[in-house]
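This report concerns surface patches, salt bridges and strand pairing. The sequence and the structure are shown below.

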Amino acid sequence: MIEMIDVWKTYPNGVMALNGIDVYIDKGEFVYVVGPSGAGKSTFVKCMYREEKPTKGTIMINGTNLSKIKERQIPKLRRKIGVVFQDFKLLPKLTVYENVAFALEVIEESPKAIRQRVMEVLDLVHLKNKARFFPDELSGGEQQRVSIARSIVNTPPVVIADEPTGNLDPETAWGIMDIFQEINSRGTTVVMATHNKEIVNTFKKRVIAIEGGRIVRDEQKGDYGYED
Amino acid sequence: MKIRTLKRHGAEAFKSLGRNGWMTFASISAVTVTLLLVGVFLTVLLNLNNLAHHIENDVEIRAYIDRTAKQDNVDQLRAQIEQIPKVKEVTFLTKEEGLKQLIKDLGDQGKAFSSLEKENPLRDAYIIKTKRPQDTVIVAKEVEKLNYVKNVNYGKGTVEKLFKVTKVSRNIGMVLILGLIFTAMFLIANTIKLTIISRRREIEIMKLVGATNGFIRWPFFIEGFALGVFGAVIPVLVIVFGYQFVYDSVSPKLATMFIKLIPTYPLVLELSLLLILIGGVIGVWGSLTSVRKFLKV
């Protein structure tokens with residue numbers, strides 16, 4: 001499903017974010033990526049949907065070698081990976097419905113199929129009654145649920161979340177986790193970079209800890225392991 | 001691309017125009033103001049050019065025929081003049097008609113000459129028009145060399161100055177209009193750029209969700225075109241109705257001074273089309289060049 005072989009990433013300003021990452025994530029897994037700030041978590045997940053390009057090494061996603069794809073093929077890759085961002089990244093001038101529908105419009109889905117599928121996922125994230133609202137009329141948690149709905153609307157095999165609960169209060173965060181659990185239980189692989197100790201220790205999953213650009217711990221049903 | 005996707009892009013473009021209300025207003029205003037300037041200036045310039053053209057066309061050569069010439073010689077001379085390639089037409093003016101014209105042209109003072117009608121001091125003449133007014137001088141010099149031509153009159157000195165003035169004023173007008181269009185392009189493109197820069201985050205998000213560059217570009221393309229064309233609406237109305245009004249109220253007064261304005265139609269239609277075209281092209285150019293910068297995510 002996701003495989004990284006000896007992946008290195010050095011930013012143009014000299015920061016060495018990843019220093020030889022080797023990892024394999026199987027289909028249907030739920031993986032937390034933890035570690036101190038600046039350890040390389042974000043770069044690690046960004047490389048998976050090609051927002052960042054590794055300096056060296058091989059990344060395979062669903063059998064596609066990311067280092068071999070051309071600029072033009074990136075949109076196609078991103079359609080097979082749902083991404084949830086810490087700052088939601090919703091289109092401010094589009095309604096909740098239109099934001100979610102956008103991911104289907106780019107694959108030129110029929111309007112009828114779009115309507116059906118969008119309402120389906122909005123139902124899953126409990127936002128069916130707010131379909132006509134604009135993002136700035138919603139709470140943070142609701143905005144994040146829209147972002148999740150958008151990431152799964154075209155049924156990608158993988159969902160990658162970069163600190164999805166980072167901007168939310170703890171109450172709201174639990175609700176978001178329920179949705180991720182639900183998505184995972186339907187067979188979608190979930191990779192989540194997080195700082196949320198309670199969540200990692202409560203919903204026990206595979207934990208990959210990154211420090212100084214290296215994987216220092218990788219255990220099934222692991223703990224958060226840091227005191228912050 | 002599927003037809004329904006194109007429809008989607010169109011709908012998306014107009015939705016965005018509506019939801020970006022103030023930015024849309026700002027862009028359309030910028031287009032309106034600059035195209036209004038271009039339109040008014042162009043109208044004035046075209047009329048001045050037309051005027052210069054008319055003045056130039058009034059230039060003619062008078063070749064006075066020697067009194068000793070017989071009818072044969074006069075006919076032969078006509079044939080010789082007509083053979084000069086740059087000559088458009090040759091008409092014969094008898095000395096009697098020439099005197100009448102002179103008296104008429106001089107008005108009150110001319111009456112003093114009416115006593116001369118019995119002893120006409122003038123000569124018969126050929127009036128020569130050249131194909132291009134600018135060839136007057138060359139043709140006049142050639143005619144002068146022919147037999148039985150006593151002398152040639154084409155307003156020597158004045159004609160050369162006239163052509164110099166019209167040439168310089170045409171060039172100045174050309175430079176001004178080009179400068180104005182260039183400024184218009186710059187201003188409009190920059191305003192549109194501002195509206196798009198405020199949406200760079202949107203473009204980045206679209207890319208992260210898997211939209212291709214083309215998919216993102218299309219609505220912006222349509223939007224830019226619409227901005228340009230909407231901006232041309234007021235200038236077009238001003239030109240069409242304004243020129244009609246000016247033409248109807250001013251041209252009778254100018255007619256007494258032998259100045260003719262260009263007729264309203266088809267001039268205003270051509271200008272309108274030009275303004276819409278400039279607006280649309282600049283709108284598209286402005287939006288596409290600004291989007292391109294943000295597509296590299």
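Which helix gives the largest share of the nonpolar patch? Helix H8 (residues 213-255) of chain B does, with six residues. The model is predicted: local features need pLDDT of at least 70 and side-chain atom pairs count only at pLDDT 80 or more, while totals for chains, interfaces and linings use all residues. Residues are numbered from 1 along each chain as its sequence is written, chains are lettered from A and ligands numbered from 1 in the order in which they are written, and side-chain values use heavy atoms, without hydrogens and water.

**Surface patches**

The nonpolar patch consists of B:Phe14, B:Phe230, B:Val233, B:Ile234, B:Leu237, B:Val238 and B:Phe241, which together have about 660 Å² of accessible area. Patches are made of residues with over 30% relative accessible area and no salt bridge; like charges are joined within 9 Å, and nonpolar side chains (Val, Leu, Ile, Met, Phe, Trp, Tyr) within 5 Å. Areas come from the Shrake-Rupley method with a 1.4 Å probe, and for residues only the protein chains shown count as cover. B:Phe230, found in helix H8 of chain B, counts as partly exposed because its relative accessibility is 40%. The classes are buried (under 20% relative accessible area), exposed (over 50%) and partly exposed (in between). Helices (H or I, at least four residues) and strands (E, at least two) are DSSP runs, numbered from the N terminus.

On chain A, A:Lys70, A:Arg72, A:Lys76 and A:Lys80 form a positive surface patch. Lys and Arg count as positive and Asp and Glu as negative, whereas His and the chain ends are not counted; the charge is placed at NZ of Lys, CZ of Arg, CG of Asp or CD of Glu. A:Lys70 lies in the loop between strand S5 (64-65) and helix H2 (74-79) of chain A. With 56% relative accessibility, A:Lys70 counts as exposed.

**Salt bridges**

Over all chains, a search of the whole structure finds 22 salt bridges. The criterion is a side-chain nitrogen of Lys or Arg within 4 Å of a carboxyl oxygen of Asp or Glu. Three of these pairs are tabulated here.

| Pair | N to O distance |
|---|---|
| A:Glu98 and B:Arg19 | 2.7 Å |
| A:Arg217 and A:Glu219 | 2.6 Å |
| B:Arg200 and B:Glu204 | 3.8 Å |

A:Glu98 and B:Arg19 meet in a salt bridge. A:Glu98 belongs to helix H3 (residues 96-105) of chain A and B:Arg19 to helix H1 (residues 3-19) of chain B, so the pair joins two chains. A:Glu98 is buried, at 16% relative accessible area, whereas B:Arg19 is partly exposed, at 29%.

In the pair within chain A, A:Arg217 is partly exposed at 21%, and A:Glu219 is partly exposed at 31%.

B:Arg200 and B:Glu204 both lie in helix H7 (residues 200-208) of chain B, four residues apart, about one turn of the helix. B:Arg200 is partly exposed at 40%, and B:Glu204 is partly exposed at 26%. Elsewhere, salt bridges that share partners join A:Glu98, A:Glu105, B:Arg8, B:Glu12, B:Lys15 and B:Arg19 into one network.

**Strand pairing in chain A**

Four strands of chain A form an open sheet in the order S2-S1-S4-S5, with antiparallel pairing. Strand S2 (16-25) and S5 are the edge strands, each pairing on one side only. Two strands pair if DSSP finds at least two bridges between them. Strand S1 (residues 2-10) and strand S4 (residues 56-61) of chain A run antiparallel and are joined by five bridges. A:Ile2 has A:Ile61 in S4(A) as its bridge partner.

Note on methods
Buried means under 20% relative accessible area, exposed over 50%, partly exposed in between (1.4 Å probe, protein chains only).
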